[in-house]
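Subject: Structure handover and findings

Hello,

Here is the structure for you to look over. My notes follow below it.

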Amino acid sequence: MVSMVLFGIFVASAGADPIEVYQTMYRAAFGTSFSWQNTLIRAAPLMLTALCTALPGYLGLIIIGGEGAVVMGGLFAAIAALAIPTAPPMVVLTTMAVVGMVGGGLWLTIGGALRHYRAVNETISSLLLNYIAIAILNHLVTSTFRDPESLNHPSTHHIGEANMIGVIPGTDLHWGLVFGVVACVIAWFLMHHTVFGFASQIAGGNVRAAQIAGLPVGRLILIICFVAGAAGGLAGMVEVAAIHGRANDTLNANYGYAGILVAFVARNNPLAIIPVAILLGGIRASSGLLQRAHELPDATVLVMQGIIFLVILFSETLYGRFSKLQNRGG
Amino acid sequence: MEVGWWGVLIAVLGGAIRIGTPFLFVSLGECLTEKSGRINLGLEGTLVMGAMTGYAVSLHSGSPWLGVLCAGLAGMMLGALHSWLCSFRRVNDIAVGIAMMLFGTGLAFFLGKPYIQPSAPRLPSIDLGAWSDIPQLKAALQINALFLMGIVVAIALAWMLKNTAWGLKVRVVGESADAARALGLPVDRIRILSTAQGGFLAGIGGSYLSLYYPFNWSEGLSSGQGLMAVALVIFARWHPVGCLWVSLLWGGAAALGPSLQSVGITGGYYIFNAIPYIMTLAVMIITCSPKRTLVGVPHELTVTR
């Protein structure tokens, strides 16, 4: 609410009627079935990239390498699809998903391994790995895997219409959304209802206690990073297989960074990620209509995202105060 | 006159200064912030905001130096906001940093839309290479006054951190907030001031981008340069003069790819672009060890905390 008021003041100062703007945004994000679909399509990769940050968060690691995992996953998936051109579509898609997940997973595991074996700050190394992944992508799509027909926009060859992920019957939604939701539920189950998840939470709470209890902390770090990266890689594979049909620099569309925010706002809880991702997807989906209806620049939604997240992060401190008051009262 | 491979070396030198200057300012700002025990990932937004403000003010007032000053002030405000938010309990400074990055870039794009077309007065450059006959060397030695100011700031900052009461306070707060509180120091106020000053420097770094090199205002102006500052400061071991060398090294590495093209090595353009990142990662791998913490790291930031 506070963020809505703040953003309202901001919009009003830019010369537009805030209430009308909100109405437009709501219409554009959740108003019609078409806009719902638009929102959900944008939310799908956010769910997966949010897992990239949320899962290592259980171990107390702050990893911001979702962008790199998306890029590597998409690149690996596209290359895999092009390597088996004659296989039936189901086989191609499965291979793409597996290879994409392995690609993204291994990429984040580099950061986790460096953290464990060399004590390199995982936030920085995953950040650097993002840029290196983008450079590798650009290098490969302009040289080895370049489709000669993509003149101005270097890309790999198209994976073929038959191999694209279809839409869910009766809608325009592709199956990527299902991947996102299922991945979040699996992640939640893994972290909250298995021995593995319990061990990770202990290690995240107190490393020394976990070591004394005989938990293989290093292996936990590597596995969690791999799973997290696999989620990001899957997001990249969905982008390639459902939307673009080829790997190029559009993979690098800031889903990774937006996913970090989703993870923080959802406080790393995989189930909370789903609604938060849909909310952010809605905000992103409304940017186009906002631009046309009110002549506001598309960066308006960036400002709004920033304000919303600042206010939500700020409200964390209030939670603490309220619980204190409650304790005193009780 | 044929310069051949020497041309590569000269171009790398020139690139080190030209490309390295914004990194110098941003990393100095981040260095000060981190010395006080806080990380500001929002400097990316600060940099873009500084670039936009500098360009706009310079265009309207006709004075690029006023633009630089206003860019600094805008950065200072963002830095103060970041730090004020972080000073509350349970607020994660990395998360706030990413939100500030979005907010800063969003605000800059929003306000900066009208400034993409017109061209503002440019910052003047100083010709240190006037004595030379080689055009490449002349071009490389065209230095902007901001670079020289950056050197002065780096040395002054190093001196102040080491020798003044204010520097000591900042370091105590960065080493141990509890110890600082025991001494009666206002921890939050010192951190807010340090972060605001860090934002000021980052804003100036941004104005260099829009007012000198590459000299325009566009939305793709800063590609992660503010984020890289965090890595650069680690690389520089939290020392301001170290920031100077690291920024030059970084600029030189970034200039290597384009300058190799001039002697006919064109393959792997993007891989050359990645050299600075690979280099930083390699240095971190070599110098970090699980058995000891890094020399110079403010203890409030140590990962093993």
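What follows is a summary of the findings, by topic.

This is a predicted model: local features need pLDDT of at least 70, side-chain atom pairs count only at pLDDT 80 or more, and totals for chains, interfaces and linings use all residues. Residues are numbered from 1 along each chain as its sequence is written, chains are lettered from A and ligands numbered from 1 in the order in which they are written, and side-chain values use heavy atoms, with hydrogens and water left out.

**Chain B overall**

Chain B has 13 helices and two strands. These are DSSP runs, numbered from the N terminus: H or I over at least four residues for helices, E over at least two for strands. The chain has 305 residues, and 57% of them count as buried. Buried means under 20% relative accessible area, exposed means over 50%, and partly exposed lies in between (1.4 Å probe, protein chains only).

Take the contacts in chain B with a separation of 6 or more: 76% of them join residues 24 or more positions apart. A contact is heavy atoms within 4.5 Å. Chain B exposes about 12300 Å², and carbon and sulfur atoms supply 67% of that. Accessible areas come from the Shrake-Rupley method with a 1.4 Å probe; for residues, only the protein chains shown count as cover.

Helix H4(B) covers residues 93-112, 20 residues in total. Its first and last C-alpha atoms are 27 Å apart, close to the expected 28 Å at 1.5 Å a residue. The expected span is 1.5 Å times one less than the number of residues. H4(B) is mostly covered, with 18 of its 20 residues buried.

Leu102(B) sits in H4 of chain B. Leu102(B) is buried, at 14% relative accessible area. Leaving out residues up to four places away in sequence, Leu102(B) touches Leu261(A), Leu302(A), Gln305(A) and Gly306(A). Its C-alpha is 15 Å from that of Met52(B), 50 residues apart along the chain.

Helix H6(B) runs over residues 145-163. Its 19 residues reach 27 Å, close to the 27 Å expected. The buried residues in H6(B) include Ala145(B), Phe147(B), Gly150(B) and Leu157(B).

**Interface of chains A and B**

The contact takes 46 residues from chain A and 43 residues from chain B. About 4200 Å² is buried between the two chains, with 80% from carbon and sulfur atoms. Buried area here is the accessible area (1.4 Å probe) that two parts lose on being put together, summed over both. On the chain A side, Leu128(A), Tyr131(A) and Leu310(A) lose the most area to chain B, together 15% of what that side buries.

**Salt bridges**

A salt bridge is a side-chain nitrogen of Lys or Arg within 4 Å of a carboxyl oxygen of Asp or Glu. The whole structure has two over all chains.

One joins Arg115(A) and Glu122(A), with the closest N and O atoms 3.1 Å apart. Arg115(A) is buried at 17% relative accessible area. Glu122(A) is buried too, at 5%.

Another joins Arg181(B) and Asp178(B), at 3.5 Å from N to O. Both lie in helix H8 (residues 177-182) of chain B, three residues apart, about one turn of the helix.

**Nonpolar core**

The largest nonpolar core has 186 residues. Such a core is a set of buried Ala, Val, Leu, Ile, Met, Phe, Trp, Tyr and Cys residues joined through side-chain atoms within 4.5 Å. Met47(A), Met96(A), Met237(A), Ile273(A) and Trp217(B) have the most contacts inside this core. Helix H10 (residues 217-244) of chain A gives the largest share of the core, 14 residues. Among the residues that Met237(A) touches are Gly73(A), Leu93(A), Met96(A) and Ile165(A).

**Positive phi**

Most residues other than glycine have a negative phi. Asn268(A) has a positive phi, near 65°. Asn268(A) is in the loop between helices H11 (255-265) and H12 (270-285) of chain A, and is buried at 19% relative accessibility. Trp238(B) also has a positive phi, about 55°. Trp238(B) lies in the loop between helices H10 (225-235) and H11 (240-261) of chain B, and is buried at 5%.

Best regards
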